[in-house]
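Subject: Structure for you to look through

Hi,

Here is the structure I promised to pass on. Please open it alongside this note, and you can follow the notes below as you read.

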Amino acid sequence: MYANITGENPYAVPMRIYPAPHYTMGGLWVDYDLMSTVPGLFVIGEANFSDHGANRLGASALMQGLADGYFVLPYTMGGYLATAGTSSVKTDHAEFQAAAKAVDERGRKLMGIGGKRSPDSFHVELGKVMWDECGMARTAAGLKKALVKIPEIREAFWKDLRIPGGASDMNQTLEKAGRVADFLEFAELMCQDALAREESCGGHFREEYQTSEGEAKRDDEKFAHASVWEHLGEGKAPAMHKEPLTFENVHLATRSYK
Amino acid sequence: MDLTLNVWRQTGPKAPGRFEKYAAKGISEHISFLEMLDLVNEGLLAEGKEPIAFEHDCREGICGSCGMIVNGSAHGPKKLTTVCQLHMRNFKDGDVIHVEPWRARAFPVIKDLVVDRSSFDRVIQKGGFISTNSGSAPDANAVPVPKHDAESAMDAAACIGCGACVAACPNASAMLFVAAKVAHLGRLPQGKPEKDRRVVGMVEQMDAEGFGNCTNHYECMEACPKGIDVKFIAEMNRAYAKAGVSRTEEKADGGTG
């Protein structure tokens, strides 16, 4: 695969390895049974936050798919279905109607902006801000800068986006715009979370918090918790909940590769 | 490099399609074919035109979402390579490239290069379930699998369901796909109890979807980005014949036994 992508034979030429963004760490909040805050909505595998956060290691998708699928869900999902039962859901339900209307309106709103720029152009601009200010190494000053820039990009997005075509048939530009709109919200949350975490932990290196040798410096007194952000509605600041990390058998220590 | 693209544009399943010519200028040899299309699309969007619709997801050659006919070949000229992994160094300056959707009755065009492959999903659904105990996970060594069977099942399981086999076949046959799916469970002990029902169900659904039959052109194997071997088709035919002989009707009440 490497040879195919780069056109170089890694047996003859040294492999070129460089850092790159690889998903976001963390995921949707779930309880111990892997159920989200919506009753009956289970979030499984990498989509939930339960097994990764500070780090997202290679093959974690496989690991979590197996762990959730083999060891958790056979009990918890069956348990939910046994107690809650199943019933046929109709589309004339008020909640369904409201959700369908909201999706429809959002699509129309995106289609109706009538600006000049493509969704990708905003995505690239946002990506650059995240790469520069919320990458593997970040600082409070940089994150604050990003928290100024992201709302500016979002404002430009909602003013200057252009989506050709219609909303009633397949429109991949509209699909992409919907995702970029989500990314614009999510990027802001990521920066807020990074700013709140005044320590270096896992894959997240806050430059202010390092040892004299340049290694990541955790602050277990203050930050041995998973940060769970609650969405309180559009335009409102999210609320943070702390889920303490408690260790019964393995005690917190700093890993050293030296 | 500068290229000329002739891309199939079709606004909907019933609309007539046509080739449209686009210039792709200053294309780096290091980008993939889909990234090249992304750039062409950004150009189209800048002019306020509708971009070329095409499917993609992982762009790592493992999800099976992408697929198009490039210069007459499914997934393009490079063997064992999905079009997302096809890099522009396989082309040269001044090339004229024709890009078309998969063409098969069972894969109606949705838009431009996007076809409806839900017929594959229905074939898979007809494969049904495998019987297994729910509850705690079995020990890894509880069911011994001979090495040859494990490897052969893995070879079949490499199929990503992209549909290149159908697009490459003069009969628009889905036999390589269906055979791979039949074999990857049928070869394993876990898949044995339902093997007859599975092969009959999947083959009947394949025919019902309007896929053609195999007349041994082997174009499918040539086009397959995962190198699925046509020997699985022979295996499927044998399993189908055997299942037809030995299968008994399933009774709703479970029989009198």
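Leaving aside residues up to four places away in sequence, A:Ala187 touches A:Leu126, A:Met130 and A:Ile150. Please keep in mind that this is a predicted model. A:Ala187 itself sits in helix H6 of chain A. Is A:Ala187 buried or exposed? It has 23 C-beta neighbours inside 10 Å, so A:Ala187 counts as buried, the cut-off being 20 or more.

H5(A) covers residues 140-160, 21 residues in total. From first C-alpha to last, H5(A) reaches 30 Å, close to the 30 Å expected at 1.5 Å a residue.

Now for chain A as a whole. Chain A contains seven helices and four strands, and their pattern along the sequence reads α-α-α-α-β-α-α-β-α-β-β. The C-alpha trace of chain A spans about 60 × 50 × 45 Å along its principal axes. Chain A has 258 residues, of which 18% count as buried. Taking the contacts in chain A between residues at least 6 apart in sequence, 53% join residues at least 24 apart.

Next, the interface between the two chains. Here 15 residues of chain A are in contact with 18 residues of chain B. On the chain A side, helix H1 (2-6), helix H2 (60-84) and H6 each supply at least two of the residues that touch chain B. H2(A) gives the largest share, with three residues. By type, the chain A residues on this side divide into six nonpolar, six polar and three charged.

Over in chain B, there is an open sheet of five strands with mixed pairing, in the order E2-E1-E5-E3-E4. Which strands stand at the edges? They are E2 (18-24) and E4 (73-74) of chain B, each with a single partner strand, so one side of each is left without a neighbour in the sheet.

The strand pairs in this sheet look like this:

- E1(B) and E5(B), the latter covering residues 96-100, run parallel and are joined by four bridges; B:Asn6 stands opposite B:His98 in E5(B).
- E3(B) and E5(B) are antiparallel, paired over two bridges; B:Ile69 has B:Glu100 as its bridge partner in E5(B).
- E3(B), residues 69-70, and E4(B) are also antiparallel, again over two bridges; in E4(B), the bridge partner of B:Ile69 is B:Ala74.

Helix H1 of chain B (residues 33-46) lies across E1 (3-9), E2 and E3 of chain B, and it runs at about 90 degrees to E2(B).

Last comes helix H6 of chain B, residues 195-208. This helix has 14 residues and reaches 20 Å from its first C-alpha to its last, close to the 20 Å expected at 1.5 Å a residue. The buried residues in H6(B) are B:Arg198, B:Val199, B:Met202, B:Val203, B:Gln205 and B:Met206. Seen down the helix axis, they fall within an arc of 160 degrees, so they line one face of H6(B). That buried set packs against helix H2 (118-127), helix H5 (175-186) and helix H8 (231-246) of chain B. After H6(B) comes B:Gly210, which has a positive phi, near 95 degrees.

Best wishes

Definitions and conventions
Residues are numbered from 1 along each chain as its sequence is written. Chains are lettered from A and ligands numbered from 1 in the order in which they are written. This is a predicted model: local features need pLDDT of at least 70, side-chain atom pairs count only at pLDDT 80 or more; totals for chains, interfaces and linings use all residues. A residue is buried if 20 or more other C-beta atoms lie within 10 Å of its own, exposed if 12 or fewer, and partly exposed in between; C-beta atoms are placed from the backbone. Two residues are in contact if their C-beta atoms, placed from the backbone, lie within 7 Å. The expected span of a helix is 1.5 Å times one less than its number of residues. Ala, Val, Leu, Ile, Met, Phe, Trp, Tyr, Cys and Pro count as nonpolar, Asp, Glu, Lys and Arg as charged, and the others, Gly among them, as polar. Two strands pair if DSSP finds at least two bridges between them. Axes are lines fitted to C-alpha atoms, for helices over the stretch in contact, and angles run from 0 to 180 degrees between N-to-C directions. The arc is that of the directions from the helix axis to the C-beta atoms.
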